[in-house]
Each structure stands twice: as C-alpha cells, then as structure tokens.
Amino acid sequence: METVAGHVRALREGDDAAKTAAAAWLGSLADNESSRALIAEAGGIPPLVELLRDGSAGAKLEAALALRNLAYSNPYGVLIGEAGGIPPLVDLLRDGSAEAAQALHWLAFNAANKVLIVEVGGIPPLVELLRDGSGDAKRDATFALLNLAYYNDANAVAIAVTVGLEAIVQLARRGSVTFIAGVDVPNEAGRLLVYNASVPAKRKAALVVAALLGDCVPDSVPRVLKAEIGSYL
C-alpha cells in the first residue's frame, strides 16, 4: 500500500516527468482487481483525471491507459465518471486516441457514464474513429458505440443520426443500427455493430427520418417511406 500511496503522491506533487512515470506504474499495476482496489483506496483516480486534463501529451497518454485499466471494473468506472474523467477522455478522443476509445469502451458499461459520454459530445468522434482510424482503433470505437447503445434507446438514435440517413432508416425499420458504408471493422468486433432497439427508439428514428425528408424531396418519397415505417409514426 505504501508503494501505491507513494505513486499517488507523485501524481499530486511531482513534476510532469514524475507524474508521467507514476501514471505509467499505476496503469501497469491496474491489471487485476485487487490492485485496482488499492489504487482507488489510495485516492489515485482524481489525480489521474487531473493529469489527463492538464498534463503533457505523454502524461495524458499514460493517464488514459491507467484509467482504461481501472475502468475495466465497473465500480471504478463509476468513480472515474464522478471525478470528471469523461470530458478529457472525449477531448483526447477528438485527436484520434485509441487509448481514449478503449477507456470509453469500458466506461460505457455504466448507465450514468453512457449519458455523460453523449452529453460531452462523445458520439461524433467515435463514429469518425470507426470510419477513419486504424484497425485497433476501429475495434475500440465499435465496442464503445455498442456499449453506449446497449439498453439506451436515446443513444441508439443519436448514433444513427451521426452515422447518417441510412442508419436512421435501418433503426426505424428494423430496430438496428448497422455500420457498413465502407467501414472495415475487425472480425473480433463482429464486423458489423448492431443494436436491437425498442419500439420507442424505432418510432423516434422514424420521426427523425420524416423530419429530414419531409421538406426536401418529392412528395412520393415520403409516402413510400411511410409505407415502410408507418406503424411507428
């Protein structure tokens, strides 16, 4: 415990190099449940979040990796959200960080964190990473989006709206959001991200489609669309 406490103290009191080294050490330690508990008990989560927000680029990376490992266990994911860790992770995600996507993947298992991630604008950079990132980054973005949508219809609709009209129509018609359109998701992510939504989500998606199409296309197109999804309108 003294060793963990010393590294947490370095996170609070050290210079950038000391903080970076401490975050790296804690991140490597946080690969099992007992060590995660020790780090949390020593108060390690708030200074890791502070480092993620205000540290150098290298320090932010190590803090993101440490928080990713801590977030693997839901109780510590809750603490990360409560400590304000989600906004700086989304900021890092906007720079294309796969590490941030990995952390958000685990954080999005928690219902409160799902809401926070969306509120701070996490969906658009995840979709961008899914489309344009490397193979591993696409996988991590896929899992993060899947967890955001799981048992959260509002998030499923928000993801569909971000992906585009085709995804909104899919959600309205079949209750699923499927990412295709040239996106090559690694096999371990299932290649396709599908979320089976409830009737309220399908109805909301149908209303979004109707609003988008109503004033900008010939009258015949909305009628065809209504024939497909009319039961939800």
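Q: Which residues of α11 are buried?
A: Ala-137, Lys-138, Asp-140, Ala-141, Thr-142, Ala-144, Leu-145, Asn-147, Leu-148 and Ala-149 are buried in α11. Buried means under 20% relative accessible area, exposed over 50%, and partly exposed in between, with a 1.4 Å probe and protein chains only. Helices are DSSP runs of H or I with at least four residues, numbered from the N terminus.

Q: Before we go on, what should I know about the model?
A: This is a predicted model: local features need pLDDT of at least 70, side-chain atom pairs count only at pLDDT 80 or more, and totals for chains, interfaces and linings use all residues. Residues are numbered from 1 along each chain as its sequence is written, and side-chain values use heavy atoms, with hydrogens and water left out.

Q: OK, what do the buried residues of α11 pack against?
A: They pack against α8 (98-107), α9 (111-119), α10 (123-132) and α12 (153-163), where contact means heavy atoms within 4.5 Å.

Q: And how far apart are the end C-alpha atoms of α11?
A: They are 21 Å apart, which agrees with the 21 Å that the 15 residues (135-149) should span at 1.5 Å a residue. The expected span is 1.5 Å times one less than the number of residues.

Q: What follows α11?
A: Tyr-151 follows, and its phi is positive, near 55°.

Q: Switching to charges: how many salt bridges are there?
A: The count comes to 3 salt bridges, each being a side-chain nitrogen of Lys or Arg within 4 Å of a carboxyl oxygen of Asp or Glu.

Q: What about Arg-36, which residue does it form a salt bridge with?
A: Its partner is Glu-33, with the closest N and O atoms 3.1 Å apart. Both lie in helix α3 (residues 33-41), 3 residues apart, about one turn of the helix.

Q: Why does that spacing matter for direction?
A: An α-helix has 3.6 residues a turn, so residues three or four places apart point the same way.

Q: Is Arg-36 buried or exposed?
A: Arg-36 counts as buried, at 6% relative accessibility, whereas Glu-33 counts as partly exposed at 40%.

Terms used:
Helices (H or I, at least four residues) and strands (E, at least two) are DSSP runs, numbered from the N terminus.
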